[in-house]
Amino acid sequence: MLKKFLPNWLTGVLVSIVLFANVIIWGMLVLLFGVLKLLLPFKVVSDILHLAYRGWCKGNRLALWLGCPTIEIDIKGKVTTDGWYLLISNHMSWLDIVVLSAIDVLPAPKFFLKDELKYVPFIGTGAWAMGMPFMKRVSKAQLAKNPKLKGLDVERTKRSCRDFRNHPTTIINFVEGTRFTSQKHSKQNSPFTYLLKPKAGGIAFALEVLGEQFDALLNTSIIYQGEGDHICRNLMRGRLNVIKVEVQVQAISAEMIGDYQHDRAFRTAFQQHINELWLQKDAQLLTYHQAQQAEYLATINKEIEAP
């Protein structure tokens, strides 16, 4: 919005101030009421905690509105703010968290986060206060040294998901487990063009605990368009032009709920289902990028042909 009236650098400065102030102010309030909830586990305290968290979501919405001239949220299906949803998405940038939290038609978003983020001031402490699960990846070498590490993520995820029963929630899982980069894509030898390989475990554990309570699966794709590949830097420099989010509301079938940890046949079938979703998402992203490329070439040709 501001990009229409202010130079890019000033737009970026103002948006950065709004984002950082939003995290600090609401992050402190969420942490305060999170601690208070431990001492006084009453519903009224939990309700106030969620109101503070909603304040952070609204602040994110304001920052995006100020900094990006075109924000397209396309939801194919019906969602309500008093429902329960499992949202899966590609992961391009830490800005994805801001974008998804700013979709006001969804109930309060709760994220699966990397374990390292719990040490980040305001962000990690706020996530802890909201009961979000921190996922700690364990290597085969670590597991061999300490078998007790096996299943910790499973129990942590299940415990957090049980806590989400009390308030309408959108549980958000970035299925790739990390942000997309060309280096990671090459290292994985990913079979997809615009995606990393999906990790199905977190989705399966959430479905196992809350499957019957979920109203739908929200299969989501996020796309950014700006001057360069550094998405966050573009926003903070006033150079992010388009944010596009497409959400496909899909039913959760009984075949998607099972014992992922112990049932090998179910685990194989579930992984195959997620891979199929990822193939469809990759094709969707390819179509979008091809259209963008065609539009860019058409613009260049018009400039060349202009007298």
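I began with Ser16, which is buried, with a relative accessible area of 11%. I note that the model is a predicted one. The cut-off for buried is under 20% relative accessible area, so Ser16 falls in that class.

I then looked up where Ser16 sits, and found the residue in helix α1. I checked the side chain of Ser16 next: one of its polar atoms lies 2.8 Å from the backbone oxygen of Gly12.

I turned to the record for this stretch. UniProt, in an unreviewed entry, lists residues 12-36 as "transmembrane region". In the model I find that span to be 100% helix and 0% strand. I took the distance between its end C-alpha atoms as well, and the value is 36 Å.

I looked at how helix α1 (residues 8-39) packs with helix α2 (residues 43-67). I have their axes 9 Å apart, at an angle of about 175 degrees.

My last entry is on His50, which I place in helix α2. Is His50 buried or exposed? I find His50 buried, at 12% relative accessibility. I listed the contacts of His50, leaving aside neighbours within four places in sequence, and got Ala108, Lys110, Met130 and His167. For the pair His50 and Ala108 I noted a separation of 58 residues in sequence and a C-alpha to C-alpha distance of 7.8 Å.

Key: Residues numbered from 1 in each chain as written. Predicted model: local features only at pLDDT ≥ 70, side-chain atom pairs only at ≥ 80, totals over all residues. Heavy atoms only, no water. UniProt positions renumbered as here; feature names shortened; annotations may be inferred. Helix = DSSP H or I, 4+ residues; strand = E, 2+ residues; numbered from the N terminus. Axes fitted to C-alpha atoms, helices over the stretch in contact; angles between N-to-C directions. Buried < 20%, exposed > 50% of the residue type's maximum accessible area, 1.4 Å probe, protein only. Polar contact = N/O pair within 3.5 Å; in protein donor to acceptor, adjacent residues only side chain to side chain. Contact = heavy atoms within 4.5 Å.
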